[in-house]
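Subject: Structure handover

Hello,

Here is the structure I promised to pass on. Please open it alongside this note. My findings follow below.

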Amino acid sequence: MASEIKNDRVFVCNWGWFKALPGKIGTKIVENARKIKKLGQDDPRRIIHSLKVGLAITLVSLIYYFQPLYEGFGDSAMWAILTVIVVFEFSVGATLGRGLNRGLATLVAGALGFGAHHLASLSGEKGQPIVLGLFVFLLAGVVTFVRFFPRLKARYDYGLLIFILTFCLVSMSGFREDEILNVAHTRVSTILIGSFTSVFVCICVCPVWAGDDLHNLVASNLEKLGSFLEAIYYTLASRLLVNLLALTCKTYTSKQITGFGVEYLKVSGDGKESNNAFMQDCKSVLNSKQSEESLANFARWEPGHGQFRFRHPWKQYLKIGSLTRQCAYRIEPLDGYLNSDIQMPAEFLSKIQEACTNMSLESGKALKELGLAIKAMTPPSSATPHILKSKDVANNLKCLLQSGLCEEVNLLEVIPAAAVASMLVDVVCCTEKIAESIYELASLAQFKCVEPMVEAEKPKLLHQETIPPCCGINEPHHVITIDQPSPKLP
C-alpha cells in the first residue's frame, strides 16, 4: 500500500514536470530571442560581420566546387578555408594584422623549411632525420623565446606561431614525401588566397575601422567623466541651498540632504539618469584599458582612411586614455563621500562648498569640451576658459584652507569634507594634464584649427579694472562702488 502511494506521488511529480515543460521551453526561447535581438541592436555591425565571414568562406570554397581549380590545388584547398576562419576579424586592422602575419610567416617559414629539408638530404639517409630534428628544435625554441618580448608579442605573436607551424609541416612532411617543393607551393598559395580574400572582403564590404572605434572611445570616456562631474555639481549645489536654510543647525547628515538633492535634480531637469548609471559609466572608463590597447594595436595596421592619415599618432590616444583613467580614479570615491551618513559641520561646509561646486562644474564642462574637441578633431581651445576658472577656484580654496580655517573646527568632523575638496583639486590637475595631451595630439595629428567668431570690440573705459578676489571665498566682504565720470575720448 505504501509503495503504491509512493509511486503515485512520483507519477504526479513527473506528470507536473512534463506538463510545465512546454511552458519552460517557450520561456527560454523568448528569453534567448530577446538576448539575440539586444545583441544585434547594441551594435548592428555584428550582424554585418557575420554575413561578411560567410561571404568570404563561400568565395574560397569555390576552389572545391570548380574542377580546374581543385585539380591545381588538390586537398591543400582546405588551407584556404582554414585561413579565412582564423584570419577574418571584426575590424580591418585586426584582419590586416592577422592576414599579413600569416602570409609573411608562411612564405618565410616555407622557404626555410624547404632549405632545411635540402640541407638535411645532403647528410645522407641516416643523418637526415637527425639534422631535421636539430633544425626543428633550434628554430622552434628560438622563435618561442622571441614571443616573450612584449612589443613582438603585441603585434607579431600570431605570425610567430604560424611560422613554427609552417616550418615544422614543410620540413617534416618532406621527409616522407618526394615532391616537397610542390607541397610547399600549394600550401603557401592557398594560404595567401585565403588571406587576400579575407582582407578584400573586410575592406570592401562595410569596413569597420579600429582607429575610428579608438577615437570615439577616448572621446566618449571624457564625456562620461564630464557628465559624472556635472551630476556631482548638482548634488553639491543642492547641499549649498540646504546650508543656506540650515546655518542655525550645527550638524546634519548626508542622507537628510539626499532627499532634497533628488528633488532639486528633478526640478533642474538633470535627474533623468540615476546615480547608478553615472557610476556604471565611471566604471566602464576604469575598465577601458584593455580595449584601448587592443584597438590601438589594430589601428597601427590600418591604411589611411577618412580623417586619419597613414601613421596617425595612435599611441597618443593611449596616453590620453591613461590620464582619463587617473582622473576617474579620483572621481569615483566622491560618490561614496557624498552619499555617506557622516555628520559634517554646516559652517565649515558653507565656506568650502561653493568652491567645490564651481570646481566640479568647470571641470565637468572642460572634460566635455575636450571630448567634443577630439570628436571634431580640432584643438581644445574651448576648454581653456573652464580649466582656468577651475584652477583659480582651486588656488583660492588652498589659500582658504591654509589660512587657519581648520583650526576653528574639530578635525575629525571635517575630514570627509576636506577629502572631497582635495579630490576635486586633484581632478582639476588631471583635467589640465588631459588638455595638454590633447593639444599634443592636435599638433601630431595636424588637427584643423577652427577660427572663433570675433565679436566687435567694446571700448575700454579708463580707470576700470577687475580686481582679483582675496583668498577667502565665502568670507564676509564689502563692496565699494566708485562713481567717476570717464573722460571724453578725442
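Predicted model: local features only at pLDDT ≥ 70, side-chain atom pairs only at ≥ 80, totals over all residues.

The structure holds twelve salt bridges.

Next, a helix pair. Two packed helices are described by the angle between their axes and the distance between the axes. Helix 5 spans residues 78–87 and helix 6 spans residues 92–121. They pack at about 140 degrees, and their axes are 9 Å apart. An angle over 145 degrees would count as roughly antiparallel. Helix 5 and helix 6 are therefore oblique to each other.

Which residues meet there? Helix 5 brings W79, T83, V86 and V87. Helix 6 brings T95, R98, G99 and R102. By class, this contact of helix 5 with helix 6 has three nonpolar, three polar and two charged residues.

Last, the surface. There is a nonpolar patch of about 620 Å². L55, L59, L62, Y65, F66, L69 and V205 make this patch. Helix 2 (45–60) supplies at least two of the patch residues, and so does helix 3 (62–65). L62 is in helix 3.

Best wishes

Key:
Residues numbered from 1 in each chain as written. Heavy atoms only, no water. Axes fitted to C-alpha atoms, helices over the stretch in contact; angles between N-to-C directions. Helix = DSSP H or I, 4+ residues; strand = E, 2+ residues; numbered from the N terminus. Parallel < 35°, antiparallel > 145°, perpendicular 65-115°, else oblique. Contact = heavy atoms within 4.5 Å. Nonpolar A, V, L, I, M, F, W, Y, C, P; charged D, E, K, R; others polar. Patch = residues over 30% accessible without salt bridge, like charges linked within 9 Å, V, L, I, M, F, W, Y side chains within 5 Å. Areas by Shrake-Rupley, 256 points an atom, 1.4 Å probe, with all protein chains shown as cover. Salt bridge = Lys/Arg side-chain N within 4 Å of Asp/Glu carboxyl O.
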